[in-house]
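User: I'd like to go through this one label by label and see what each label rests on. Can you take my questions in turn?

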Amino acid sequence: MKLLACNANRPLAEAIADYLDMRLTRSEVKSFADEEIFVRIDENVRGEDVFVIQSTSFPANDNLMQLLIMMDALKRASARRITAVIPYFGYARQDRKTDGRTPISAKLVANLISTAGADRVLTVDLHAGQIQGFFDIPTDNLFGSPVMIDDIKERYGKDKIVVVSPDVGGVVRARSLAKRLDDADLAIVDKRRPEAGKSEVMNIIGDVSGKRCIMLDDMCDSGGTLANAAAALKEHGAKSVAAYVSHGVLSGKAVERIEKSVLDELVMTDTIAPSDAAKKSKSIRILPIAPLLGEAIRRIANEESVSKLFDR
């Protein structure tokens, strides 16, 4: 087995290698003066089971091209099997036609990854589960919930907890977490989007008064949805509000927006390399995802069950 990393999140790749008691295969990923990407693998990979670790986060297009070119290099170097380990799958929010004459970019990216040479995909908390069907190759969609559950139990103990979905689309995800937290109560934030990137809370479905609210979402981009939902929950009597997300996109002034909100804290995994502002923020805490990804990689390499990771 070989582990390779592109440049999107080297610390995560190194942490995965440490978990597996391996080292990263030597490679070079750089850009020419005109921003063309060049890749060179500095070790023999012929006949090897290779895992390429790369989140397609900002800058999404550069990081996606790095992944595609790395896999093409591996295919031409006669690697036996190539697994694209994509902790954060960019373009996942474009999973359907939302209007006339618009693309389904998630499907296009899935096609590109397959064409570039991937034999398998390993990712974490896809924005929509059906994206797995966009790939014509085996796809493992890991859930960040085991990491979050351990943290929530450690932080909140036997306090009265209610798991909150920040929108109707996340109810299944929130219910699954609530079930694993000894059947905690469930609440839903009814929101509307007057335009892309903006949200308005219309109502809170469920009783949150006097309880510690745990909001669960797959990602935090601008931070507006979580900030607005937290304010509404506090207005309805919530004792505290924390948000747990798998992917801290945190674009623009998201960190500043989170710090100014009534959120007690935002807890996110490191599927995306956190910015310096996020690392320094007292309102943001980061959970390591490397043990979960490392164990999944080990199981895939040994042809063991990956779903067993979530049987609890």
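User: Leaving out residues up to four places away in sequence, which residues does Ser281 touch?

Analyst: Ser281 touches Val255 and Glu259. Keep in mind that this is a predicted model. As for where Ser281 sits, that's the loop between α8 (276-280) and β14 (284-287).

User: Why is Ser281 called buried?

Analyst: Its relative accessibility is 6%, and the label applies under 20%, so Ser281 counts as buried.

User: What makes the link between the side chains of Ser281 and Glu259 a polar contact?

Analyst: The distance is 2.8 Å, and the cut-off is within 3.5 Å. The side chain of Ser281 also reaches the backbone nitrogen of Ser283, at 3.1 Å.

User: On to the rings. How many aromatic pairs does a search of the whole structure find?

Analyst: Three. One of them is Phe89 with Phe135, at 5.8 Å centre to centre and 65° between the planes.

User: Why is the pair of Phe89 and Phe135 called edge-to-face?

Analyst: Set the two values against the two cut-offs. Centres have to lie within 6.5 Å, and planes over 60 degrees apart count as edge-to-face. With 5.8 Å and 65°, Phe89 and Phe135 form an edge-to-face pair.

User: What makes you say that this pair ties together separate parts?

Analyst: Phe89 lies in the loop between β5 (81-86) and α3 (105-116), while Phe135 lies in the loop between β6 (120-124) and β7 (139-142), so the pair ties together parts that are 46 residues apart in sequence.

User: Are Phe89 and Phe135 buried or exposed?

Analyst: Buried in each case: Phe89 has a relative accessible area of 4% and Phe135 one of 6%, against a cut-off of under 20%.

User: What are the values for the pair of Phe143 and Phe310?

Analyst: The ring centres of Phe143 and Phe310 are 5.4 Å apart and the planes make 75°, which is edge-to-face again. This pair links distant parts of the chain: Phe143 is in the loop between β7 and α4 (145-156), Phe310 in the segment after α9 (290-301), 167 residues apart.

User: Now salt bridges. What makes Glu28 and Arg40 one?

Analyst: The closest N and O atoms of Glu28 and Arg40 are 2.5 Å apart, and the rule asks for within 4 Å. Glu28 is in strand β2 (residues 27-31) and Arg40 in strand β3 (residues 37-41), 12 residues apart. Glu28 is partly exposed at 21%, and Arg40 is partly exposed at 42%. By this rule the count comes to 23 salt bridges.

User: Which salt bridges does Lys211 form with Asp185 and Asp207?

Analyst: With Asp185 the N to O distance is 2.9 Å; with Asp207 it is 3.9 Å. Since the limit is 4 Å, each one passes. Lys211 counts as buried at 10%, whereas Asp185 at 30% and Asp207 at 48% count as partly exposed. Elsewhere, salt bridges that share partners join Lys2, Arg23, Arg26 and Glu43 into one network.

User: Last topic, the sheet. What is the strand order in the open sheet of five strands?

Analyst: The order is β1-β4-β5-β6-β7, with parallel pairing.

User: Why do β1 and β7 stand at the edges?

Analyst: β1 (2-5) and β7 each have a single partner strand, so one side of each is left without a neighbour in the sheet. From one strand to the next, the twist averages 20°.

User: How do you know that β1 and β4 pair?

Analyst: They share four bridges in the parallel sense, and at least two are needed. Ala5 stands opposite Ile53 in β4.

User: Which helices pack against these strands?

Analyst: Among them are α1 and α9. Helix α1 (residues 10-19) lies across β1 and β4, at about 165° to β1. α9 packs on the sheet, touching β1, β4, β5, β6 and β7, and its direction makes about 160° with that of β6.

Note on methods: Residues numbered from 1 in each chain as written. Predicted model: local features only at pLDDT ≥ 70, side-chain atom pairs only at ≥ 80, totals over all residues. Heavy atoms only, no water. Helix = DSSP H or I, 4+ residues; strand = E, 2+ residues; numbered from the N terminus. Buried < 20%, exposed > 50% of the residue type's maximum accessible area, 1.4 Å probe, protein only. Polar contact = N/O pair within 3.5 Å; in protein donor to acceptor, adjacent residues only side chain to side chain. Contact = heavy atoms within 4.5 Å. Phe/Tyr/Trp six-rings, centres within 6.5 Å; stacked < 30°, edge-to-face > 60°. Salt bridge = Lys/Arg side-chain N within 4 Å of Asp/Glu carboxyl O. Axes fitted to C-alpha atoms, helices over the stretch in contact; angles between N-to-C directions.
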